[in-house]
Amino acid sequence: MQEIRCPKCGEMFTIDEAGYAAIVKQVRDKEFSKEIESQTKAAVQLAEAVKDKALADLHAQLKAAEQAKELAVRDAVEKQDKTIAELRAQLQSAEQEKKSSVQLAEAEKDKQIVALSAEIDKMKSDFSLQREQARSEQEIILRQKDEQIAFYKDMKTKLSTKMVGESLEQHCEIEFNRLRTTAFPAAYFEKDNDASGGSKGDYIFRDYDEGGMEYISIMFEMKNEMDETATKHKNEDFLKKLDKDRTDKKCEYAVLVSLLESDNEYYNAGIVDMSYRYPKMYVIRPQFFIPLISLLRNAAQSSLAARQELALVRQQNMDVENFNAQLNDFKQRFAKNYELASRRFGEAIDEIDKTIAHLQKTKEALLSSENNLRLANSKAEDLTIKKLVKNNPTMTERFLDAGVKIE
């Protein structure tokens with residue numbers, strides 16, 4: 001398609017290629033200039049008509065488009081206005097809700113701030129109080145720790161034994177086992193596990209000579225008490241039971257190894273002899289455990305010869321006593337057997353006498369029976385049919401009928 005400006009009106013119009021070629025040809029061809037002019041006029045007229053129609057159509061379309069545009073714009077504006085109104089209403093509602101929410105939030109926030117402030121003030125007050133209490137408690141604890149440290153330092157000085165992590169029984173057992181093979185090779189030192197008598201001690205020590213004779217025995221009771229224990233015990237509380245256990249287990253000595261009454265200088269001074277209360281009983285601190293065993297054992301060994309002689313005399317006396325006991329037992333058993341035999345002999349004699357009397361009665365009965373048999377025989381020999389049927393006619397007649405001669 002080609003656009004051509006109308007030389008008359010100056011308007012542009014569009015023609016196809018063929019028309020444009022024809023026009024060009026006519027223009028170029030002088031011979032057809034008139035025809036060209038006429039055709040041009042026709043074309044111009046046609047173009048003007050087409051133009052007018054096109055312009056009319058275009059104006060109509062533009063008007064319709066303007067009307068549609070105005071309608072669309074009006075609808076869009078109305079919709080937009082409606083949307084804007086709705087949005088404004090929503091915005092106002094949101095603003096109102098926001099204001100209400102903000103007011104409520106601010107009120108709640110103010111309330112929370114007030115509560116938080118009060119809580120913070122209370123926490124500050126409580127913290128200050130707790131800090132003061134903690135400081136006071138810490139001062140008390142530190143003072144108690146200082147007292148405990150001083151106490152344990154003093155106890156360590158007094159005891160001079162390392163007992164950290166050990167019980168008193170373990171400490172004593174370990175101390176003894178360290179010297180068992182060298183100082184106490186033949187000794188017995190074990191826990192007392194026999195509670196058949198109702199109670200038992202903690203440890204029993206026994207030592208023997210080369211002949212296996214026991215020459216010393218010690219019943220040990222170990223007592224320890226934690227510092228925080230509410231009820232404090234005394235050493236006196238355990239002496240009676242210790243004496244009973246010593247007696248039940250046939251031990252010579254009784255020793256209470258104790259950490260009780262740690263501030264009592266009477267027990268801290270050394271080995272305490274309690275023989276005025278119970279015989280051969282001692283109360284000691286753990287550091288005197290091995291020394292006391294050594295002292296008692298050495299004292300027992302010093303009198304070991306006398307003990308052996310005493311034991312020999314006792315054995316001899318026991319042999320004599322056993323001989324006398326056996327002799328007395330023989331005499332008693334012999335006398336008992338003699339008495340039993342004598343009693344049985346008398347019973348046998350009595351039975352023989354009873355048997356003789358019974359035989360005598362039997363003899364007399366037999367003699368009497370013989371006499372009766374003799375009499376019976378005599379009577380049988382004297383018996384005759386004649387005598388039998390005497391004064392009995394019936395039997396007489398029957399014998400006669402039978403052909404028996406009656407004599």
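Lys-244 is partly exposed, with a relative accessible area of 39% (buried denotes under 20% relative accessible area, exposed over 50% and partly exposed the range in between, with a 1.4 Å probe and protein chains only). The structure is a predicted model, in which local features require pLDDT of at least 70 and side-chain atom pairs count only at pLDDT 80 or more, whereas totals for chains, interfaces and linings use all residues. Residues are numbered from 1 along each chain as its sequence is written, and side-chain values rest on heavy atoms, with hydrogens and water left out.

The side chain of Lys-244 meets that of Asp-248 in a salt bridge at 2.9 Å, N to O (a salt bridge being a side-chain nitrogen of Lys or Arg within 4 Å of a carboxyl oxygen of Asp or Glu). Both residues belong to helix H4, where they are four residues apart, about one turn of the helix. Asp-248 likewise counts as partly exposed, at 35% relative accessibility. Helices (H or I, at least four residues) and strands (E, at least two) are DSSP runs, numbered from the N terminus. Helix H4 also holds the pair Asp-243 and Arg-246, which are three residues apart and thus separated by about one helical turn. Their closest N and O atoms are 2.6 Å apart, forming a salt bridge, and both Asp-243 and Arg-246 are buried.

In helix H3 (residues 168–183), Arg-178 and Glu-175 are placed three residues apart, about one turn of the helix. Their side chains form a salt bridge with an N to O distance of 2.8 Å. Arg-178 is exposed, with a relative accessible area of 56%, while Glu-175 is partly exposed at 23%. A network of salt bridges links Glu-221, Lys-223, Lys-241 and Asp-245. The count of salt bridges comes to 13.

Arg-285 presents another arrangement of a charged side chain. This residue lies in the loop between strand E8 (281–284) and helix H6. Arg-285 is buried yet has no salt bridge, and the nearest side chain of opposite charge, that of Asp-263, is 6.7 Å away (Lys and Arg count as positive and Asp and Glu as negative, with His and the chain ends not counted). The side chain of Arg-285 does reach the backbone oxygen of Leu-260, at 2.8 Å. A polar contact of 2.9 Å also joins the side chains of Arg-285 and Asn-268. A polar contact is a pair of N or O atoms within 3.5 Å; within protein, one must be able to donate a hydrogen and the other to accept it, and residues adjacent in sequence count only if both atoms are side-chain atoms.

Helix H6 spans residues 289–302. Its 14 residues reach 20 Å from the first C-alpha to the last, close to the 20 Å expected at 1.5 Å a residue (the expected span being 1.5 Å times one less than the number of residues). Phe-289, Ile-290, Leu-292, Ile-293, Leu-296, Arg-297 and Ala-300 are buried in H6. Seen down the axis of H6, these buried residues fall within an arc of 165°, so they line one face of the helix; the arc is that of the directions from the helix axis to the C-beta atoms. On the other side of H6, Leu-295 and Ser-302 are exposed.

Ile-218 counts as buried, at 0% relative accessibility. The C-alpha atoms of Ile-218 and Tyr-253 are separated by 4.6 Å, although the two residues are 35 residues apart along the chain.

Positive phi values occur at two lysines. Lys-250, in the loop between helix H4 (239–248) and strand E6 (253–258), has phi near 55°, a positive value in a residue other than glycine. Lys-250 is exposed, with a relative accessible area of 68%. Lys-280, in the loop between strand E7 (272–273) and E8, has phi near 50° and is partly exposed, with a relative accessible area of 36%.

At the level of the whole protein, there are nine helices and eight strands. Of the 407 residues, 20% count as buried. Among contacts between residues at least 6 apart in sequence, 52% join residues at least 24 apart.

Terms used. Contact means heavy atoms within 4.5 Å.
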